[in-house]
Amino acid sequence: MSFPRIDHLSRETSALLQDVVDSRVAAGALGNTVLNRPEWLLPDSLRTALGQAVAPPDPALGFRVVRGLFPDLDDVGPTPAHWSQDDPERTASFDVTLVLVAETLGAVFGWSDQQKGRLVHNILPSKGYEDKQVGASSIVPLAWHTEDGFHPERADFLLLACVRNPDGVGSRLASIRDVELSPADVARLREPQLTIEPDDSYGDHDAAAMDPIGMATVWDNPDGLCVRYDPSYTRFLTDDKATIRALERLGEAFEEQGDVISLSPGDLLIVDNDVMVHGRVSFRPRYDGSDRWLKRVLVRAPRGRAAGEVHEHGFGQERVFPVGAEQLSATGGATMSAATDRADRDVSTTRA
């Protein structure tokens with residue numbers, strides 16, 4: 001996998017974007033509320049000016065990096081000790097920029113059982129999660145995975161914006177389009193012989209008590225092969241050793257051709273969640289307010305997936321959309337719900 005050129009937003013467009021963001025923040029908008037009012041969306045002229053810089057990645061590559069979107073990061077405050085301990089008002093300009101840009105790609109959403117239904121997630125290390133396969137981990141590498149692979153309405157695009165990364169902690173990326181597998185292995189991976197359960201950031205989801213529905217690991221789109229992969233939370237529905245070994249070989253192939261990208265403050269990484277798997281290298285946190293801190297937003301776009309996914313239950317996990325949002329008419333018409341003020345759950349941050 002070759003590192004793409006970095007798309008730089010022009011100074012003129014960046015200034016226009018910041019003027020719009022400043023006006024929304026002055027009117028009381030936060031990252032988790034700016035999409036609640038249609039008049040706060042980006043004007044058509046600015047959406048056009050953003051142009052190719054924030055367009056979906058070329059499927060042949062699967063991701064892109066954009067610079068020049070975000071305001072000065074000197075006043076965002078220290079990295080919180082836990083995702084729930086941030087100050088949304090202090091990071092309002094950063095968060096509002098991220099959400100408004102994400103909305104140009106499709107419907108922005110969160111999960112009701114993850115980070116209290118927020119649209120903007122904090123990805124940072126937290127004590128007690130150092131060796132777990134969740135985004136709050138640190139001393140263990142975060143394994144390759146498709147974001148929220150357990151759900152048929154998972155994001156099409158994953159946006160990761162860097163607030164702080166003084167140690168250059170790398171994000172790992174690998175594309176299904178680059179791996180070399182035998183036709184026999186690809187055929188086995190097309191069969192719905194496993195199920196992916198929600199990761200530990202969803203708390204007590206009781207997935208084991210639900211009837212498993214078989215999921216295919218790969219499927220074909222007109223532009224190429226797509227993938228759904230999360231071995232850390234995979235349960236096989238077959239004892240066939242050839243099928244199990246095919247999934248293992250896929251993981252080995254990702255290791256062989258994957259690469260590492262170290263995001264700098266203000267960088268935006270856009271990942272095609274059907275083409276790429278991602279992860280993170282290990283690092284040792286300091287817990288002194290200077291650790292790596294990313295912001296994450298999920299986007300659902302109007303495009304198709306494997307036909308069999310329409311029969312899945314998603315383990316009862318519900319998506320959360322902005323209050324009064326009208327965006328889902330193009331994404332399959334799923335029911336929209338407002339984020340509710342749920343009791344805090346001491347669960348880790350989402351993975352990224």
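Student: In which loop is Phe315 found?
Tutor: Phe315 is found in the loop between E15 and strand E16 (319-320). The model is predicted: local features need pLDDT of at least 70, side-chain atom pairs count only at pLDDT 80 or more, and totals for chains, interfaces and linings use all residues. Residues are numbered from 1 along each chain as its sequence is written, and side-chain values use heavy atoms, with hydrogens and water left out.

Student: Why does Phe315 count as buried?
Tutor: Its relative accessibility is 2%. Buried means under 20% relative accessible area, exposed over 50%, and partly exposed in between (1.4 Å probe, protein chains only). The value for Phe315 therefore places this residue in the buried class.

Student: What makes the phi of Phe315 worth a remark?
Tutor: Phe315 has a positive phi of about 55° although it is not a glycine. Most residues other than glycine have a negative phi. Tyr287 also has a positive phi of about 55° and is not a glycine; this residue is found in the loop between E14 and strand E15 (293-300).

Student: Why does Tyr287 count as partly exposed, and why is Thr48 called exposed?
Tutor: Tyr287 has a relative accessibility of 28% and therefore counts as partly exposed. Thr48, with a relative accessible area of 64%, is exposed. Thr48 is found in helix H2 (residues 44-50). Over the protein chain of 352 residues, 55% count as buried.

Student: How many helices and strands are there, and how are they assigned?
Tutor: The secondary structure of the protein chain comes to five helices and 16 strands. Helices (H or I, at least four residues) and strands (E, at least two) are DSSP runs, numbered from the N terminus.

Student: What makes E5 and E14 a pair of strands?
Tutor: Two strands pair if DSSP finds at least two bridges between them. Strand E5 (residues 142-145) and E14 have two bridges and pair in the antiparallel sense. His145 stands opposite His278 in E14. Five bridges join strand E7 (residues 170-175) to E14, again with the strands antiparallel, and Gly279 in E14 is the bridge partner of Arg172.

Student: Why do E5 and E12 stand at the edges of the sheet?
Tutor: Four strands form an open sheet in the order E5-E14-E7-E12, with antiparallel pairing. E5 and strand E12 (259-262) each have a single partner strand, so one side of each is left without a neighbour in the sheet.

Student: How do you know that E14 is mostly covered?
Tutor: Five of the five residues of strand E14 (residues 276-280) are buried. Met276, His278 and Arg280 point one way, while Val277 and Gly279 point the other way.

Student: Why are H4 and H5 called roughly perpendicular?
Tutor: Helix H4 (residues 183-190) and helix H5 (residues 241-257) pack at an angle of about 105°, with their axes 9 Å apart. Axes are lines fitted to C-alpha atoms, for helices over the stretch in contact, and angles run from 0 to 180 degrees between N-to-C directions. Angles under 35 degrees count as roughly parallel, over 145 as roughly antiparallel, 65 to 115 as roughly perpendicular and the rest as oblique. H4 and H5 are therefore roughly perpendicular to each other.

Student: Which residues of H4 and H5 meet?
Tutor: Asp185, Arg188 and Leu189 in H4 meet Ala242, Thr243, Ala246, Leu247, Arg249 and Leu250 in H5, where contact means heavy atoms within 4.5 Å.

Student: Why is the pair of Trp144 and Phe254 called tilted?
Tutor: A search of the whole structure finds seven aromatic pairs. Rings of Phe, Tyr and Trp (its six-membered ring) pair if their centres lie within 6.5 Å; planes under 30 degrees apart count as stacked, over 60 as edge-to-face and the rest as tilted. The rings of Trp144 and Phe254 have centres 6.3 Å apart and planes at 50°, so the pair is tilted. Trp144 is in strand E5 and Phe254 in helix H5, 110 residues apart, and both are buried.

Student: What makes the pair of Tyr229 and Phe254 edge-to-face?
Tutor: The ring centres of Tyr229 and Phe254 are 5.2 Å apart and the planes are at 70°, so the pair is edge-to-face. Tyr229 lies in the loop between strand E10 (224-227) and strand E11 (234-236) and Phe254 in helix H5, so the pair ties together parts 25 residues apart in sequence.
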